[in-house]
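Hi there,

Here is the structure I promised to pass on. Please have a look at it first, and then read on for what turned up.

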Amino acid sequence: MHKKLLRFFVAILVLVFFKINAQDSNLQTSQINPSLIEEANAIIRSEEIIVDIKSIHSVTIKTKRTITILNKYGNKNADAYESYDPSIKIKKLEAVVYDKNGKEIKKYKKKDFKDRSSYDGVSLMIDDRVKYFEYTPVAYPYTIAFESEVEKNSTAFINSWDPISNYRLGIEKSSYKLLNPSKIKLRIKEINFDGYNVERKKGESDEVFLISNVQPVIPEVLSPLRLERVPRVKVALNDFSLKGIEGHASDWKTFGKWQYDKLILGRDELPQETIEEIKQLVANSKTKKEKARLIYKYVQNKTRYISVQLGIGGWMPFLASDVDRLGYGDCKALTNYTKALLNSQGITSYYTIVHADKKIDIDKEFASMQGNHVILNIPDEQEDIWLECTSQNTPFNFIGDFTDDRNVLVIMPEGGEIKRTKKYGSEDNHYHVDATIHLGTDKKLVSDYIKKSKGLEYDWNYKIQYQNPKDQKLYYKKYWDYLNDLKVNSIKYQDDKSDIVFTEKLNISCEGYTKKVGSRLLVVPNVFSRDQSNFPQYEDRQTSLIIARGYVNTDEYIINLPSGYQINSLPEKRELKTKFGLYTYELEKIKDSQIRFKRYLKITDGTYPKEEYENYRKFRSEIKKIDHSKIVLKQI
Amino acid sequence: MKNFYFLLAFLFTVVISLKSHAQEYKFGKITKEELLEESYKGDSTANAAVLFENKKIYYDFGQQNGFRIVTEVFRRIKIYNNKGFDHATHEIYLYKENSNAEKISGLKGITYNLKDGAIEETKLKKSEIFEEEYSEYNNQVKFTMPSLKEGSVIDYKYKIISPFYYSIDKMYLQNTIPIKQLKTVVQIPEYFNFKKFTTGYLPIQLKESSFNSKITLTSKTRSGGQGFTPSSTNFSSRDIDHRVNVYNITSQDVPAFREEPYSGNPDNYLSSIVFELQFVKFPNSKLENFSTTWEAVVKSIYKDPRFGGELEKTSYFKEDLKQLLKSIDSPVEKAALIYNFVKTKMNWNEKYSVVSNHGVKKAYKEGVGNAAEVNFILIAMLKYAKIKATPVLVSSIKKTTALFPTLKGFDYVVARVQLGDKYMYLDATDKYGEPNILPNRVIHGSGRIISENGSTRLVTFRPKTPSLNRLGIQCEVDSDGAVKGKTNLYYKDYLAHNFRLNYSAESQETMIKRLKQKYEINTLDNYEAKGMRELGKPVIERFDFNLDNQVEVIDDEMFFSPLLFLRDKENVFKSEERRYPIDFGFGYSNTMMISIKIPENYEIVEIPKSSAFRLPENMGNFVYRINKTSNSIQVSITETLNVPFVTADYYPVLKQFYSQIIEKESDQVVLKKI
């Protein structure tokens, strides 16, 4: 017995000894293929993710990742943490840090990881937490070998494979193995495999995806999102569970049906008192749209956005009666509440899941848990109505660039359906500026300025009215940062929420606007709408050019010349016409002391081949040059 | 320039009580007028206002727990519009340490709304209050008030019971929204002696009084139980009479606090009052002294094993040091070698601290440490090499400037070294640091040095001389108005430091991209950066450029600013008024030398006038000189800001100064076709 133990002990000693002394030659950073390192901040040396679907109530994810961090920007790629909540168990968690020669410098066991709430910066309360460690790099490059095992009760989300998880991340090899011993029906979708050498091997009850030697992806302006550029694999089970709630779905119809039945149905009861109030409120309205408008206003006045995400509450809205009493809720709660109020007046509306902010579609062909926000859809005769229920300020049926023009999941009692939200076209997004400008002999400029914004231009401008007057003034000083010594003498706003037009009326002055040079006075006629863009040049552009949203800007100024000066010749009208839009610049003499300035700019949204980027850049830089051009006034 | 500390001292002024006729507020009792109020009287831009804030802080004695501090808070907030809704969410942090923890009790809240002319109340429910572990030392209690509408009034109150009887939290007397009426009462038994300090620009009314009180102690004595006498328990109680000192702080119409850019730590300007414990003296026991003078503070920190003890250790580096110094004798060389060695070997873990956390040995071994550990190693090595080096306790930019002698006023350590009759500051946490070139986090703060005789002195780290910058362009304009030329950009001292800090890890490609963006240059070739790694020397950037957007051709004339892309276009100071000082950290002097050759078939018809202007009290100046020959223009410009710190009363002239510079730099040259 004693002998046996001793032998065992020695074996361990040898093992440990061996481990400590080993300089893993594979971990030496000199082994990395130099072509991967160029332009990279970090290199995944090897990554192995095993998703083991044990049952519809249990999935285990084993992660082994060895990553070499090349510089300080690469630190964020270490990904050496795990998130958890009451339904997720972290079973294994450890990390070892190696220097560039592959020598171990630090080791973290599970107990060495720190634990904190993964506060999202918005919520009042969430139950998500994260275990992480703090490591201060002593030299670059260094390597982290991370290993974890996590068990999740919810199988509604199966970790997708997204090996190129960041820009400037090179990959030696990465694999993703899906084990499905109990043969639960599942769906797998390959995304953006084109141009990448991804191997897929299918076994009896497992599937493996493998990628190796991937050059880092570099971000570019006006380009598709990373998600649209890199290869990924999405997985979803047909039978699954979400925080204990079981589900079955194979397409959006059945997936939506499950969401409706399990997460939404029966959460819309309202106090009788409120129903009466709403009834009174809409009593005189005739159309569905008019009623909905009043109810939306009622919700805006009564509620505010407060996020509480606990347990299933991350996916299930608060009861409508709770929102009614508390006067707050998150996007789910407020949408559900609005839906309930509409329903009480016989108006059908649908809870709708969307990916807000970044323009990301809900994947039409792949039913799974997606999106990050909820809005409300009301089918109407000509055009659907879309309501953003978390804002007290947005006009009725105005979703702005937060959720416009993308595929969303509309959840109906009979099942889900993919619809596309409203698109604001170039002509819809229009601002027009009217200004009367007086130039003084003392170089001073005084101007009345009126700007009317519609469509997304409304969205991009209307929020200024909610700032305090000091900040409003600062806003204009920043907006026209090229106007030295700008004074904003008066500000007036008109916000027409029914026609969705925002008007800014300003009186501004600027002490040294014109420049006196000998007997000349130099004036830039385009005072207010100068193109300020500054797009970088690419020697070898990789991605297509994306102009996500178009717009039209028009300006018309009457410029009163300073007394004693006149204009000899006005520049010719300029016109630039490209596939990206149209630009015109025009000056005309009204009388000796007065000229008119007119500018028109239309940018057309669209996706253009990568070769077009340089043309677009030139188009904009040419506009910018013309916008900044001067005219010369001569002393009489 | 007025001294910063003079200014702070000036802020101590406590305005003695003015009698006021204040409205009475009680939790749960509100008037219709408050609900009807549509905007705040003194500040119509306020989205919400604290109508009343009442804090009562007192000592409670229990025989089991001893002294505890009870803080009762009652706040009434008016929400004028939906932008003020955030003020209906409140967070309370409860401190904990070992097994002691602050506790909250009696949290109650009510929202009031006006409905059909009647007051409607909605109570905050228990289920709407959340408590969670926020960090190792804090729990957090959070709630948001129900049924909030524009015009709502909310009341909430709670009580915090703290076992940390020696520490009274800093009391803020100002908020980001206006406060109509503020009442704070602090009651402290005579056993505890506190000193008071205030910050901010606002008058504070403080009234002192006292009253008699007593603590009743109950004791239990058992008697008998021996022999034939039955045992019995007697209860007796004893009253201890004492005085309670009362501090009444009241304030009305406190304006909202707004942060301003370039002002360092805004907390330095926010109105507050701090009670700092001086000593504790219980009846029949010895006086227990807490920090009283800076000297005592320093003494106490040297006694702390995590400070003095760690500074003494030498065994861990002895061998390395021997290797490093070999036979070098010159103290300057030794100091430089050690400083570079520690800078290279040690890596700062971005933790601010005035004491060691895991010990210098461990830090040294791993090459990672907090600010104290890294600089302790530096100091200990220097001392071991017989160089005079002492620690300087620092209040970094993150710390509110310490107003009274307290250890809590410091969060960072740097080294002060004496070489011959020269002194310099070193901070080994900063890879790009140099002697007397310290990181931003240090220069925006202040320090306290300890002389050999044990006395201490306040020091600032802001450099006395401006950092230099020399920018040069040599170029020629062609007959189409395109400009071709060479540029030299030369940065010294703090400007070189910041350049290295920002760009050392960047690739050449990124550097070129950055310059092209910044200066709007079409083509940029032959880029080189020199001196990036040669600390102590200037950093130099050189490149060739082509521009097509600087010269404007109108008819037969050309117009351009002779500064080309070096022209400053935007004034960083936009706000019309300013309450707090402007803290640049360091002064600077920019020199620009530009030489422009004009195209052959053109002549110079106009050039800007040479001119100069200055700021008062030699704070700064601007000189613009221009010369021409028949085919070239030479411009030389110097822009200097001598002082790193400017008080708010100079803000208008400073703003004007920059505006004039921008105006002058946009002056145009005119060329005419011959």
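Two strands are said to pair if DSSP finds at least two bridges between them. Helices (H or I, at least four residues) and strands (E, at least two) are DSSP runs, numbered from the N terminus. This is a predicted model, in which local features need pLDDT of at least 70 and side-chain atom pairs count only at pLDDT 80 or more, while totals for chains, interfaces and linings use all residues. Residues are numbered from 1 along each chain as its sequence is written, and chains are lettered from A and ligands numbered from 1 in the order in which they are written.

Chain A, strands

E25(A) runs antiparallel to strand E26 (residues 445-454) of chain A, joined to E26(A) by nine bridges. Within that pair, Val433(A) has Lys451(A) of E26(A) as its bridge partner. The two strands make a hairpin with five residues between them, and Lys443(A) in the turn has a positive phi of about 75 degrees. E25(A) also runs parallel to strand E32 (residues 551-560) of chain A, again with nine bridges. There, Asp434(A) stands opposite Glu556(A) of E32(A).

Chain A, domains

Chain A is divided into domain 1 (23-242), domain 2 (249-420) and domain 3 (430-635); such bounds come from an automatic or database domain assignment. The centres of domain 1 and domain 2 of chain A, taken over C-alpha atoms, are separated by 35 Å. Their contact takes 17 residues from domain 1 of chain A and 15 residues from domain 2 of chain A, where two residues are in contact if their C-beta atoms, placed from the backbone, lie within 7 Å. On the domain 1 side, the elements giving two or more residues are strand E7 (125-126), strand E11 (186-191) and strand E14 (232-237) of chain A. That side has eleven nonpolar, two polar and four charged residues. For these classes, Ala, Val, Leu, Ile, Met, Phe, Trp, Tyr, Cys and Pro count as nonpolar, Asp, Glu, Lys and Arg as charged, and the others, Gly among them, as polar.

How far apart are the end C-alpha atoms of helix H5 (residues 288-302) of chain A? They are 21 Å apart, which agrees with the 21 Å that its 15 residues should span at 1.5 Å a residue; the expected span is 1.5 Å times one less than the number of residues. The buried residues of H5(A) include Ala292(A), Ile295(A), Tyr296(A) and Val299(A), as well as Lys288(A) and Arg293(A). A residue is buried if 20 or more other C-beta atoms lie within 10 Å of its own, exposed if 12 or fewer, and partly exposed in between, with C-beta atoms placed from the backbone. Among the elements covering the buried residues of H5(A) are helix H4 (272-282) and helix H7 (331-344) of chain A.

Chain B

Chain B is divided into domain 1 (4-214 + 243-289), domain 2 (296-459) and domain 3 (467-673). Between the centres of domain 1 and domain 2 of chain B, taken over C-alpha atoms, there are 38 Å. Eleven residues of domain 1 of chain B are in contact with nine residues of domain 2 of chain B. The largest share of the domain 1 side, three residues, comes from strand E12 (192-199) of chain B. By class, that side has four nonpolar, four polar and three charged residues.

Chain B also has an open sheet of five strands in the order E21-E20-E19-E22-E23, with antiparallel pairing. Its edge strands are E21 (422-426) and E23 (456-459) of chain B, each pairing on one side only. Strand E22 (residues 446-450) of chain B pairs with E23(B) over four bridges, and Gly447(B) has Val459(B) as its bridge partner in E23(B).

Ala101(B) is found in strand E4 (residues 100-101) of chain B. Ala101(B) is partly exposed because 16 other C-beta atoms lie within 10 Å.

Between the chains

Finally, 39 residues of chain B are in contact with 39 residues of chain A. Helix H12 (651-665) of chain B gives the most to the chain B side, with three residues. The residues of that side divide into eleven nonpolar, 15 polar and 13 charged.

Best wishes
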